[in-house]
Amino acid sequence: MEINKNLDGSKLTVALSGRLDTTTAPVFEKELKESLNGVNDLTLDFSGLEYISSAGLRVLLSAQKLLNASKGTMKITGANEIVKEIFEVTGFSDILTIE
Amino acid sequence: MADDNEALISDEIELDAQTENLPSVIEFVETFLDRVSCPMKSMMQISVAVDEIFTNISSYAYHSGIGKAKIYLAQLTDPRAVQLTFIDSGVPYDPLAKEDPDVTLSASERQIGGLGIFMAKKLMDEVKYEYRDGKNILRMKKYL
């Protein structure tokens, strides 16, 4: 998995490529936690993401809760068919903003 | 380890049930799926299910100790499918006995526990569990 971050004031874009699974989710979680201070507009660019497992969903849920608590926004862009299917069956499509 | 129809191509691996071994498991499974010309979409769905099942076994089967997990893969015909069988000798545990998580709850009410096995059930066409001869046997099938 590769993580690319771009911070512009309080707006953070994180582009992920590869797989967000049991092995890589802790790395993503750590990167995200280190970068979210002062961020109120988070975009997760998933155009390079192959798939996501429940470990990845857990990180997305905690990020969404953080942004909800600070009245910020979080959105996911570029998710492929597999990732979207997983968001659908788990009900995450109702919790997250997916563009 | 085929059930009702004969396996054309099969393979197996045995390794310590530890999450550090997940990349090796995924590689083993995807190499096999390539051999049987599994479409990319099905391969990704199977890989997610394998991640969830192997992670579950690694986390719960042997508590804090280290034990083995065996994985058998088989290509089936009529109808064409792949069958993945996970076997461990850990504590008896039927992951299918657990109630499905409520996927309609809001972010603040959401629980992640149980989501992995639920995803495996949704992504695969069949998931069955049995406890036999001191072993947990989880068998999943995906039609190709």
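In strand β4 of chain A, the bridge partner of A:L42 is A:M74. Strands β3(A) and β4(A) pair in the parallel sense over 5 bridges; two strands pair if DSSP finds at least two bridges between them. Strands (E, at least two residues) and helices (H or I, at least four) are DSSP runs numbered from the N terminus. This is a predicted model, in which local features need pLDDT of at least 70 and side-chain atom pairs count only at pLDDT 80 or more, while totals for chains, interfaces and linings use all residues. Residues are numbered from 1 along each chain as its sequence is written, and chains are lettered from A and ligands numbered from 1 in the order in which they are written.

**Strands to look at**

- In a regular strand the side chains alternate between the two faces of the sheet.

**The nonpolar core**

- A nonpolar core is a set of buried Ala, Val, Leu, Ile, Met, Phe, Trp, Tyr and Cys residues joined through C-beta atoms within 7 Å.
- The largest one has 64 residues, and those touching the most other members include A:V83, B:V29 and B:F86.
- Helix α2(B) (residues 40–60) gives the most to this core, with 9 residues.

**Where the chains meet**

- Here 20 residues of chain A are in contact with 22 residues of chain B (contact means C-beta atoms, placed from the backbone, within 7 Å).
- On the chain A side, α2(A) gives the most, with 7 residues.

**Two packed helices**

- α2(B) and α3(B) (residues 115–123) pack at an angle of about 145°, with their axes 9 Å apart.
- Axes are lines fitted to C-alpha atoms, for helices over the stretch in contact, and angles run from 0 to 180 degrees between N-to-C directions.
- Among the residues making the contact are B:A49 and B:I53 of α2(B) and B:A120 of α3(B).

Conventions: A residue is buried if 20 or more other C-beta atoms lie within 10 Å of its own, exposed if 12 or fewer, and partly exposed in between; C-beta atoms are placed from the backbone. Two residues are in contact if their C-beta atoms, placed from the backbone, lie within 7 Å.
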